[in-house]
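Good morning, colleagues. Please bring the model up on the screen.

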Amino acid sequence: MLQSISDTWNSLSAYGQHTVWTTVWTLAITVALILSVALLTLWERKVIGWMQLRRGPNRVRILGMFPGLGQPFADVVKLLTKEVIIPANANKFLFLLAPMITLIPAFAAWAVIPLSATVVVSKANAGLLYLLSLTSMGVYGVIIAGWAANSKYAFLGAMRSAAQMVAYEIAMGFALVGVIIASQSLNLGDIVERQQGGFLAWNWFWLFPLLIVYFISGVAETNRAPFDVAEGESEIVAGFHVEYSGIAFALFFLAEYANMILISALTAVFFFGGWLSPFAGYLGDSALAQPNIGWLLIKIFIALFFFLWFRATFPRYRYDQIMRLGWKVLIPVTIVWIGVEMVMAWYKVGPWAKVALWAQ
């Protein structure tokens, strides 16, 4: 069987081999992302339970073992079997389309995210522009969901969420301008490669204010606590998805957690060297100093923990506080630090000292 697969592979043209390879990796990343979302929901409930001195899910088992591990899959079965109720006066087409518009960009963005030096679905030179365009699509799903339901509660939640996402999208975009200036490239693989040299050579060291702005904006973009006023149960009855149930609600839920993983991965790529080892240049040629996908997964894991930590720690902000933070604090900070970068670039400090080397 292996010989027949090898013969079939060798008989394909270079284009055919590339198409098969891309399809396989796309399916692998999609399945891994869906499983990661399921396990992330369990991990969140466990982490918050530990912080609040309780156990979290500990009943549903897999094969009679691992208490609690089967809880996410039990939740999936429950949501799949529940009825999807569509309000009588809703726009049915848009009502069902909105969850897909929210979910698809969270998955499609992974096409340009490099998992290692060789593993990436698309090595697009304008990968960063592709990411910015996709992440901006999420707001349309939120607005359409709130409007199509023909509910004032849902529409109010959609408007609040859209205003918040737009404000923090601008701050996030300005933070990425600083990354572009430091890396001299829009290709995510190049951005990672130009952070070689160990822990202190990564962008977080030179762009620390932009890192803080980017991550806070990412938390706000995903409507996570303490920026979850769009879903403020005590205020607007769960926000823009109040009329959704069953698998339609599950798609919004899936999109939120998929976006958390996406923001964590992008934080690792832009500011923490992606798949690069923090010990490169310090431990010689040892195994710990070698770049590999494991380092990227560890960085994503740590960033995700901060999402969960924030939810268990901070109270929900008022809406006026959220908008003030986005417009009057984060955006000015990015503009000021871009000016500082211009000074560092002029005097060839930090990453700009290696510009001539990159050109070669």
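Helix 5 gives the most to the lining of the largest cavity, namely 4 residues. Helices here, like strands, are DSSP runs numbered from the N terminus (helices H or I, at least four residues; strands E, at least two). The model is a predicted one, in which local features need pLDDT of at least 70 and side-chain atom pairs count only at pLDDT 80 or more, whereas totals for chains, interfaces and linings use all residues. Residues are numbered from 1 along each chain as its sequence is written, and side-chain values use heavy atoms, with hydrogens and water left out.

How many cavities of 30 Å³ or more does a search of the whole structure find? The search finds 1, and the volume of the largest cavity is about 50 Å³. A cavity is a set of points, on a 1 Å grid over the protein atoms alone, where a 1.4 Å probe fits but cannot get out; lining residues have an atom within 4 Å of a point. Grid points are joined across faces, edges and corners, and the volume is the space filled by probe spheres set on the points.

The lining consists of Leu-128, Leu-131, Leu-132, Thr-135, Met-172, Leu-176, Tyr-214, Leu-266 and Phe-270. Two or more of the lining residues come from each of helix 5 (127-135), helix 7 (152-183) and helix 12 (246-271). By class, the lining holds 8 nonpolar residues, 1 polar residue and no charged ones. Nonpolar covers Ala, Val, Leu, Ile, Met, Phe, Trp, Tyr, Cys and Pro; charged covers Asp, Glu, Lys and Arg; the others, Gly among them, are polar.

Helix 12 also holds Glu-256. Is Glu-256 buried or exposed? Glu-256 is buried, at a relative accessible area of 13%; buried means under 20%, exposed over 50%, and partly exposed in between (1.4 Å probe, protein chains only). Leaving aside residues up to four places away in sequence, Glu-256 touches Thr-222, Arg-224 and Glu-231, contact being heavy atoms within 4.5 Å.

I turn now to the backbone. Most residues other than glycine have a negative phi, and most peptide bonds are trans. Leu-53, which is not a glycine, has a positive phi of about 60°. This residue sits in the loop between helix 2 (14-51) and helix 3 (71-81), and Leu-53 is exposed, with a relative accessible area of 81%. Lys-348 has a positive phi near 55° and lies in the loop between helix 14 (319-346) and helix 15 (355-359).

Finally, the peptide bond from Ala-225 to Pro-226 is cis, with omega near 5°. Pro-226 belongs to the loop between helix 10 (208-221) and helix 11 (233-236).

Notes. On a 1 Å grid over the protein atoms alone, a cavity is a set of points where a 1.4 Å probe fits but cannot get out, and a pocket is an open set with protein on both sides within 12 Å along at least five of seven lines; lining residues have an atom within 4 Å of a point.
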